[in-house]
Amino acid sequence: MPAIRYHDALNDALERMDDLGYERGAGADLANHGPMGAETLAALGHGGEVAAWVEGYRAAMPRHDVPARGFALDPADETSWRPALGDFARAGDWEELFRRELAAAPWREVLARWWPRLLPGLLAGLTHGLIRTAHAVRSLAAVPLDAQPTPHQLTELARGLAYWAARFAHLPGEVRMSGHHDLAGAIAALPRTAYAGPGKRGRAVAAQRLARPGELAGYHEALGSLAPAGTQWLLSEMTTAFAGVYLGHPELFPVPLVHAVTAPAAVRLVLPHLPDELHEPSAAALWHVHTALLLAFTDDRGGEETAARDAAEADIPPFDELVARAVEHGDEHVLKFTEACRREHALRPDPRYGAAVLAAQQRIKPRRG
């Protein structure tokens, strides 16, 4: 990743997208993926393609405006900011709060202060608050020691944190890392509930389940099923296992379960900049989200049990080719998923990563090409 090319491409992209709101789409609350997609493309070494990708992204779907500001939130007063968690009408106020925080203290200090406050709402925007924050953190961490972050980079971190706070989604129950299952065993033990309603099960049913996961069979038991494990090891277990989960469910709408991989990969980007005592709670929060995602989006185990064997036996292109295909494909989820799986595969190789990337590239509609 050439530092100058990455830095220049990213800051140009952030300037081009400064007027974009947090969400996009007509009649839908879809996260604005522009900054995340642009940073991913630059991180993949394709900085020269970023500007064109950004312009294509801007034209692809109706966008929301930058949120207006109302009443200031006081970061020192919990009675001021805590009631605003999950209130999307206060998104502009959250952005202003984080802008002030980042103007007054180093970005790592602000991140460490707010991470534990936002962690219980990790599901925010289907984890896009976390993921947008992580991409902003990676860009800030790439700034040379003898240089300063640009205003656009700091604004992007403010917006990642603000989106997380404004879409804060608290899940019921509490994860206790005191069980007897490893991650694969915990996933296998989680019961899946078949849809018994009228018509075909769709995204609306998944959204209803995700809004009330505590009512689903096995949810509360799963929160205490994981045995203690080192955080970095558990992150690898999560990305590997959920690459397999993605492979095992070709029948599902192909985007949501991508986040079961990109979310832990995003947490891995942030952990080096957080105190050690926040690492284990971060992994626990991820399992909380994973439990909800599995119960909301899957009716059965599908091909999860054979995913590892199927991936090992498949003819999968090397990651250099998969990256080239992702860049040509152009979809923001494909780009982020490909980059996350390549990074995780480099840490602990497993054929499920490449197989899942290939599946996503085939299942998700290309944005261009």
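The second largest pocket lies between domain 1 (6–167) and domain 2 (183–363), because both domains give residues to its lining. The domain bounds come from an automatic or database domain assignment. The model is predicted, so local features need pLDDT of at least 70, side-chain atom pairs count only at pLDDT 80 or more, and totals for chains, interfaces and linings use all residues. Residues are numbered from 1 along each chain as its sequence is written, and side-chain values use heavy atoms, with hydrogens and water left out.

The second largest pocket holds about 340 Å³ of space. Its lining has 19 residues, and Pro120, Val175, Pro281, Ala285 and His288 are the closest to its centre. A pocket is an open set of points on a 1 Å grid over the protein atoms alone, where a 1.4 Å probe fits, with protein on both sides within 12 Å along at least five of seven lines; lining residues have an atom within 4 Å of a point. Grid points are joined across faces, edges and corners, and a volume is the space filled by probe spheres set on the points. Helix H14 (residues 279–297) gives the most to this lining, with six residues. By class, the lining has 13 nonpolar, four polar and two charged residues. Ala, Val, Leu, Ile, Met, Phe, Trp, Tyr, Cys and Pro count as nonpolar, Asp, Glu, Lys and Arg as charged, and the others, Gly among them, as polar.

The largest pocket has a volume of about 1100 Å³. This pocket also lies between the domains, because domain 1 and domain 2 both give residues to its lining. The lining counts 34 residues; Asp29, Leu30, Ala31, Leu126 and His128 lie nearest the centre. Strands E1 (23–24) and E2 (30–31) and helices H10 (203–211) and H17 (332–347) each supply at least two lining residues. H10 gives the most, with five. Helices (H or I, at least four residues) and strands (E, at least two) are DSSP runs, numbered from the N terminus. The lining divides into 20 nonpolar, five polar and nine charged residues.

The C-alpha centres of the two domains lie 23 Å apart. The area buried between them is about 2600 Å², and carbon and sulfur atoms give 79% of it. Buried area is the accessible area (1.4 Å probe) that two parts lose on being put together, summed over both. Leu44, Trp115 and Leu126 supply 22% of the area that domain 1 buries against domain 2, more than any other three residues. Two salt bridges are counted between the domains.

Methods
A salt bridge is a side-chain nitrogen of Lys or Arg within 4 Å of a carboxyl oxygen of Asp or Glu.
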